[in-house]
Amino acid sequence: MLEVCGLATRFSTAEGYVQAVDGVSFHIDEGETLALVGESGCGKSVTSLSVMRLVPSPPGEITAGSVLFEGRDLRGISEREMRRVRGGSIGMIFQEPMTSLNPVLTIGRQITEALELHLALKGRAARDRAVEILSRVGLPDPSRRFDDYPHHLSGGQRQRAMIAMAISCNPKLLIADEATTALDVTIQAQILELLQSLCEEFRMALLIITHNLGVVARYAQRVAVMYAGRIIESGTADEIYSGPRHPYTKGLLSSVPRLDAAASTRLTSIEGEIPDLANLPEGCAFAPRCRWAVDRCRVEPPALVSPNGGHQAACWEQDRISEDHSAEHGRS
Amino acid sequence: MTSETLRIDGERGALFASDGPTLSVRDLRVHFPITSGFLIRRQTGAVKAVDGVSFDIAPGETLGLVGESGSGKTTTGRAILQLQRPTAGSVEFGGVDLTGVSAKKMRPFRSEMQIIFQDPYGSLNPRMSAGRIIGEPLTVHGLAGDKDQRRDRVAELLERVGMNPAMMNRYPHEFSGGQRQRIGIARALAGEPSFIVCDEPVSALDVSIQAQILNLLSDLQSEFNISYLFIAHDLSVVRHISDRVAVMYLGKIMELAPSAELYENPTHPYTRALMSAVPIPDPLIERQRERIVLAGDMPSPINPPSGCVFRTRCPIATDECAEIVPELSDHGNGHAVACIKV
Ligand SMILES: Nc1ncnc2c1ncn2[C@@H]1O[C@H](COP(=O)(O)OP(=O)(O)O)[C@@H](O)[C@H]1O
Ligand SMILES: Nc1ncnc2c1ncn2[C@@H]1O[C@H](COP(=O)(O)OP(=O)(O)O)[C@@H](O)[C@H]1O
Ligand SMILES: [Mg+2]
Ligand SMILES: [Mg+2]
């Protein structure tokens, strides 16, 4: 349903061009949840903003790639058509709700406005639907909240109001960019369970952008891991978690403390820090932090390849890493 | 650097004549007054941020304090350090109750007890070099002789937290989030503390950096036998680093247990819900886990529910729970629970 191919986005900065997204490709099917994971600054948000054509320009610029959504390339349509896609067949939710809520309109008005524009619902019908959605997202006392302004709501309630707005027009695809990151886990669980039920009920596709590997394990069927603007590994959640083929993915998985880990196990951390995008090393961007790196890694960037079916990794030494991982964990 | 270099001051060792816990907190309360009225301000209510919290922390032990935002974790940490004077209760450190102590008498404790914050950027003076930031406590507490000795000590501290000593001339904005957290830790270490409040020290960091900092904190603890109060909202992180964990909700401790025991045998309905809401990074395990989704938000600490403060979101609450304030009571194995239903 969504097929992104060779997407590239750069920013012009004082230090020259920063290639924030560098040839990213992925697809999402109807009803499916894909997680885009990676640490801050790796290009997750710029990827989703590029899909929605919301990259601030200047300084940003999409330089290559296509974004096929239901058969049309979103890069080729007019801005007017694009506005009908945003908030209509593609919904978006962000970490900071005030980026999509209008502070001078009531919560209810913002939802009915979207319902009018995208579903041609008016008056009583629009109001009823808005109240129904507000109650669906777990906002207490929805018919009263309808007339509240965003600043009347607590952070968690605002987040839910934004989600209500994003799902009000039955989007085919919902992009959730760190949408639950700032919330407490109990609220995060409420919202993610809701999104999951929407995927099941309405066959909505979900692109979850997060750095929380637990959330990914629970909700995503497929996973794409980003590092320094590129997807460096992708596959089903089971493939990625039980047999990572890229050293960065493997490192991330052993860096997270697990609730179910044996007591006092030491975390195996990845050394060093993420590279400066304006000053990327030659070859593989992860090589300076990689325990497995060989000479070739420092000169030749590896492409995302698939040795076995859909599970792909961009690493020259992926077979060795996969073997090491199986040896350590006793499963392949 | 050995523990001797960090503990040169014999006099301050006297604070620990007793073999008891480093820290003993009893019935700690912090109520922030809410006032109203013009000209004549009257107290019309109170935010019960911390409302009767008790625990001990032994030398070299980590007590984790976990709970949703607004549950009173930060206020508890600040009240222990007397950065926020408690409304009631006692905080004994090395046998001395700090709650009645004058600012002057507090001074030796100011270096013995340190704090590390979530946002090192907000807590590091942007106009001071890393070297001055770390060196300042050395001067204030008279822990380094002349300029050269101080410089050597700063270099040693930077090295100990995994940074290049040459970086002492740089300013906070020139560092990454992880490096700033290391500087915050080096500054805390400069005071040669025996107790550190770590208030969400890794919450703002990416996972790979978070793991580096957690490992660093563990290493420093075993090297210098420091006690930690480790505050975080992430139960996996807290469980990982803590010997024992206290679960806080609306100013009160709901459950306190050794960390393995808490995970294997969560007893309070709030702990159970909290734990089930934390996803485990393994899809095979996640698919089989039962999930308890709590309805609604945490109520306001201005008007906490009567009886048990958790009852409004509790899946097993009955009428009695609105009447009886549950005590934190012993369930064996060092496991204490505040619930009349379990
Ligand atoms: N408006 C902008 N101007 C310049 N650089 C930007 C801008 N927005 C993002 N970037 C750069 O693009 C990179 C990727 O950012 P982003 O997609 O926000 O990361 P993520 O969402 O994975 O944390 C970052 O290194 C960031 O510095
Ligand atoms: N200085 C203050 N004045 C009034 N209320 C405060 C103050 N500091 C904290 N609070 C309130 O006390 C409660 C507990 O806050 P805090 O200790 O910061 O919780 P946590 O660290 O668990 O998120 C919150 O309701 C907060 O709004
Ligand atoms: Mg982002
Ligand atoms: Mg806090």
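## Chain A against chain B

The side chains of A:R218 and B:E286 meet in a salt bridge, with 2.8 Å from N to O; the term stands for a side-chain nitrogen of Lys or Arg within 4 Å of a carboxyl oxygen of Asp or Glu. Across the interface of chain A and chain B there are six salt bridges by this rule. The two chains also share 19 residue pairs in polar contact, both residues being at pLDDT 80 or more. A polar contact is a pair of N or O atoms within 3.5 Å; within protein, one must be able to donate a hydrogen and the other to accept it, and residues adjacent in sequence count only if both atoms are side-chain atoms.

On the side of chain A that touches chain B, the elements giving two or more residues are α6 (155-167), α7 (185-202), α8 (213-219), α9 (237-242) and α10 (247-255) of chain A. Helices (H or I, at least four residues) and strands (E, at least two) are DSSP runs, numbered from the N terminus. This side of chain A divides into 18 nonpolar, ten polar and 13 charged residues. Ala, Val, Leu, Ile, Met, Phe, Trp, Tyr, Cys and Pro count as nonpolar, Asp, Glu, Lys and Arg as charged, and the others, Gly among them, as polar.

In total, 41 residues of chain A are in contact with 42 residues of chain B, contact meaning heavy atoms within 4.5 Å. About 3800 Å² is buried between chain A and chain B, and carbon and sulfur atoms give 55% of that area. Buried area is the accessible area (1.4 Å probe) that two parts lose on being put together, summed over both.

## Basis of the model

The model is predicted: local features need pLDDT of at least 70 and side-chain atom pairs count only at pLDDT 80 or more, while totals for chains, interfaces and linings use all residues. Residues are numbered from 1 along each chain as its sequence is written, chains are lettered from A and ligands numbered from 1 in the order in which they are written, and side-chain values use heavy atoms, with hydrogens and water left out.

## Two domains in chain B

Chain B splits into domain 1 (6-36 + 44-112 + 193-337) and domain 2 (127-190), with bounds from an automatic or database domain assignment. The C-alpha centres of these domains of chain B are 29 Å apart. Their contact involves 19 residues from domain 1 and twelve residues from domain 2. Between them the domains bury about 1300 Å², 69% of it on carbon and sulfur atoms.

One salt bridge is found across this domain interface. B:E223 and B:R160 form a salt bridge in which the closest N and O atoms are 2.7 Å apart. On the domain 1 side, α4 (103-112) and α9 (207-224) of chain B are the elements that give two or more residues; α9(B) gives the most, with nine residues. The residues on that side are twelve nonpolar, two polar and five charged.

## Ligand 2 and B:S69

Residues around ligand 2, with a heavy atom within 4 Å of it, include B:F32, B:V47, B:E68, B:S69, B:T74 and B:P301. Oxygen atoms of ligand 2 lie 3.2 Å from a backbone N or O atom of B:S71, 3.0 Å from a backbone N or O atom of B:G72 and 2.8 Å from a polar side-chain atom of B:K73.

B:S69 sits in the loop between β3 (62-66) and α3 (73-80) of chain B. Leaving out residues up to four places away in sequence, B:S69 touches A:D184 and B:M298. The side chains of B:S69 and A:D184 make a polar contact at 3.0 Å.
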